[in-house]
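Subject: Handover of a structure

Dear colleague,

Please find below the sequence and structure that I am handing over to you. My notes on what was found follow directly after.

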Amino acid sequence: MTSSAPDPVEVNGDRLWQSLMGLAEIGAYDDERTGLRGVDRLALTDADAAGRRQVIAWMEDAGLAVRIDRMGNIYGRREGTDPTAAPVLTGSHIDSVATAGAFDGCLGVLGGIEVVRTLNERGIRTRRPIEVGIFAEEEGVRFGTDMLGSAVAAGRLPLDYAHALTDRKGLTLGGELTRTGFDGPTDVRLDPPHAYVECHIEQGPVLAESDVPVGVVTGVQGISWQEITIHGRAAHAGTTPTHLRADAGLAAAQIIVHLRELVDSGEYGDLRATVGHLIVYPDLTNIVPARAELTVDLRNPDDAQMTRAEEALAAFLRDLENSRPGLTLTTRRMAKTPYVPFDEGVQKTIAQAADDHGLEHISLLSGAGHDAQEIAALCPTAMIFVRGEYDGISHNPREYSTPEACARGVSVLATTLLRLADQ
Ligand code: GLV
Ligand code: MN
Ligand code: MN
Ligand code: MN
């Protein structure tokens, strides 16, 4: 143990930026809508596998000993001076949504590697080991459950459940792990960490609106994902009288509008509701839709209000089904996570590090889901948010943080990890 906190450490912002831009080339595509270059690295696709191989190479270059668990989570370890001490963990994910930018998740992983490079270059040893984790299928958009790799690592979801999940083509996650070569040995597990700190872009407008570079994250709001399938009856668009239709597409539209009404009513706290996936079958101009599938994403910082909103939606679905003969509705739970508060001690360490770097900071709740909310079940955890540009837009190729903003956030990460690793 040292008697005073280690000095703040500045990382190499240019090197960090090169890594971010280099990884963004893997899975890059030209986005027709925005004219921008985006990233499409859905979990366990060839692009994600190529990204993983690149990041593993960077980990090994930085001297990290890499191991992979049966969920395809990757852990890189830098030994400390005390071989018996629990490691301090950092990291995030490198899988992306299909229309991503360069930063979501990648900043946390590449930031962790940049911290290790900086410590190596300065010959700084820590008492505890430092580990950098890459968690599989954080986005949840390929296999339908978000924060999947970290949820399995933390023991909340069983490995078998995760392996059996399928994508829209019917491919299993377990099969895709094997195909891409990321189904690790059975004896590899996440070492119970002393603490976990994840650096991430904010993905929202709060830091930019407050004109502050760094956020100390107090917790993550609750997330509820479900899929609704509406079965109606295919019929001729020209000949079928309105009263004889069981129109699955119309029912889908009614659900979308009802969700907005729940939000606008103000009766469910700070509720957000999104239907991001909607498809009708047979998907043809002159046929009343026989079937519709949609997903509902609800967010709420208050678990009781979340439950009330879910109940209100369920009641609406029952009424909808009863209102039109021939229409049946089924729902499938995809994922649900409660509000997760972060550890106050780790938040204080982050805030102190930001102060010592001369950076203004505010505390804020995360609107997005993160691996940190799962790892929080294992050890004291908190997150550092980095300010984004363009209202903090994310899950969009316009997502952008400046090189300076990224370097500041990762320098705060470095100082925070160093201090936690000395405890
Ligand atoms: C993950 O990015 C989420 O918050 O949906
Ligand atoms: Mn993310
Ligand atoms: Mn994301
Ligand atoms: Mn996310």
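In H2, the buried residues are Asp48, Ala49, Gly51, Arg52, Val55, Trp58 and Met59. A residue is called buried if 20 or more other C-beta atoms lie within 10 Å of its own, exposed if 12 or fewer do, and partly exposed in between, with C-beta atoms placed from the backbone. Please note that this is a predicted model, in which local features need pLDDT of at least 70 and side-chain atom pairs count only at pLDDT 80 or more, while totals for chains, interfaces and linings use all residues. Residues are numbered from 1 along each chain as its sequence is written, and chains are lettered from A and ligands numbered from 1 in the order in which they are written.

Helix H2 covers residues 46–61, which makes 16 residues. From its first C-alpha to its last, H2 reaches 23 Å, close to the 22 Å expected at 1.5 Å a residue; the expected span is 1.5 Å times one less than the number of residues. Helices (H or I, at least four residues) and strands (E, at least two) are DSSP runs, numbered from the N terminus. The buried residues of H2 pack against several elements, including helix H1 (13–24), strand S3 (65–68) and helix H3 (106–122). After H2 comes Gly63, with a positive phi near 85 degrees.

**The annotated binding site**

Which residues does the UniProt annotation "binding site" cover? The unreviewed entry gives His93, Asp104 and His200. They span 108 residues in sequence, yet no two of their C-alpha atoms are more than 9.9 Å apart, so they gather at one spot. UniProt positions are given in the numbering used here, feature names are shortened, and annotations may be inferred rather than shown by experiment.

His93 lies in the loop between strand S5 (88–92) and H3, and Asp104 is found in the loop between S5 and H3 as well. His93 is buried, because 29 other C-beta atoms lie within 10 Å. Asp104 also counts as buried, with 27 C-beta neighbours inside 10 Å. Two residues are in contact if their C-beta atoms, placed from the backbone, lie within 7 Å. Leaving aside neighbours within four places in sequence, the contacts of His93 include Glu138 and Asp371, and those of Asp104 include Gln203 and Glu399.

**Domains**

The protein is divided into domain 1 (13–220 + 340–421) and domain 2 (222–337); such bounds come from an automatic or database domain assignment. Their centres, taken over C-alpha atoms, are separated by 33 Å. Nine residues from domain 1 and six residues from domain 2 form the contact.

**Local backbone details**

Tyr281 and Pro282 are joined by a cis peptide bond, with omega about 5 degrees. Pro282 is placed in the loop between strand S12 (278–281) and strand S13 (287–288). Asp283 lies in that loop between S12 and S13, and its phi is near 70 degrees, a positive value in a residue other than glycine. Is Asp283 buried or exposed? Asp283 is exposed, as 12 other C-beta atoms lie within 10 Å.

His395 is another residue other than glycine with a positive phi, near 55 degrees. His395 is partly exposed, with 18 other C-beta atoms within 10 Å.

With kind regards
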